[in-house]
Structure formats: C-alpha cells, structure tokens
Amino acid sequence: MEESLDQFYLDQAEPHKSCLLALRNLILQSDELLTETRKYGMPCFCYKKKALCYLWKDKKTGEPYILMVEGKRLQHPKLEQGERSRMKIFPVDSSADLPIEEIRTLLEEALQLYQSGSIKVK
C-alpha cells in the first residue's frame, strides 16, 4: 500500500479507522484483480484499472460508506442513491458488526458487471 493510502487510514479516529481497514480488506479479498489507489483524496478500488468503488465517510456523521461507482446498475436494497445520478452508497455503522455477507454480495454483483463486459475495462 502506498504511503498516502496508509496515511488516510492512520488519520482516522476509532472506531472509523478499524471499520475502514476491515472494509478495505473485504474489498481487496473479493477479487485478485482489484487494486487500491487514491483518487479525489479517497481510497479507490479498481478492477483492471477501472474504478469499482471508493471508501469515504459521511460529512455530518463521520460514518464510513462504500461508494459504488456503477451503483445505478446495482439493485441492493441498502444502497442509497441520494442526489447522485450514477453512484450509490452503502452506509456502514462503524460501532456495529460489519454486515460481511451483504458487502460480499454487493461486491460480487458489482464485479459481475465488469467481468461480464457490461462495464468496459482495459
């Protein structure tokens, strides 16, 4: 992991830091072709260099969320569109146990879009 990515996680207060690190591990474990970089100041996870999702935190509550780049194509019931046209977020309560199976299912659904060719990758 590059130094600036390390610093992003290290700069977070608990329990958000632990939650974000756990989310990072879940995302990276979901496919061997996923890589992590930093875009727009956020950790970005790419499938074959095409952005899949980001980790960020709510401005008001500070709670982490997964920002799904192709969220409009995903039908997971906990995804929130808000005022976004393309992306949706999956909010996470950092003081509760992570909904690991829900997150894995969401990531599998998103990865399927990239692997099937619905989303063009390099």
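Helices, meaning DSSP runs of H or I with at least four residues, and strands, meaning DSSP runs of E with at least two, are numbered from the N terminus in what follows. With that convention, P15 sits in the loop between helix 1 (3-10) and helix 2, and the peptide bond that joins E14 and P15 is cis, with omega at about 0°.

Before I go on, a word on the basis of these values. This is a predicted model, in which local features need pLDDT of at least 70 and side-chain atom pairs count only at pLDDT 80 or more, while totals for chains, interfaces and linings use all residues. Residues are numbered from 1 along each chain as its sequence is written, and side-chain values use heavy atoms, with hydrogens and water left out.

Five strands form an open sheet in the order 1-2-3-4-5 with antiparallel pairing, where two strands count as paired if DSSP finds at least two bridges between them. Strand 1 (34-39) and strand 5 are the edge strands, each pairing on one side only, and the twist averages 30° from one strand to the next; axes here are lines fitted to C-alpha atoms, for helices over the stretch in contact, and angles run from 0 to 180 degrees between N-to-C directions.

Strand 1 and strand 2 run antiparallel and are joined by six bridges, and R38 has P43 in strand 2 as its bridge partner. The hairpin of these two strands has two residues between them, and there Y40 takes a positive phi near 55°, although Y40 is not a glycine. Further along, strand 2 (residues 42-47) pairs with strand 3 (residues 50-57) in the antiparallel sense over four bridges, and C44 has Y54 in strand 3 as its bridge partner.

What lies across the sheet? Helix 2 (residues 16-29) lies across strand 1, strand 2, strand 3 and strand 4, running at about 165° to strand 3, with contact taken as heavy atoms within 4.5 Å. Helix 3 (residues 100-116) also packs on the sheet, touching strand 1, strand 2, strand 3, strand 4 and strand 5, and its direction makes about 150° with that of strand 3.

A search of the whole structure finds five salt bridges, each defined by a side-chain nitrogen of Lys or Arg within 4 Å of a carboxyl oxygen of Asp or Glu. One of these salt bridges links E36 with R24, the closest N and O atoms being 2.7 Å apart. Since E36 lies in strand 1 and R24 in helix 2, the pair ties together parts that are twelve residues apart in sequence.

I will end with the side chains in the strands. In a regular strand, side chains alternate between the two faces of the sheet.
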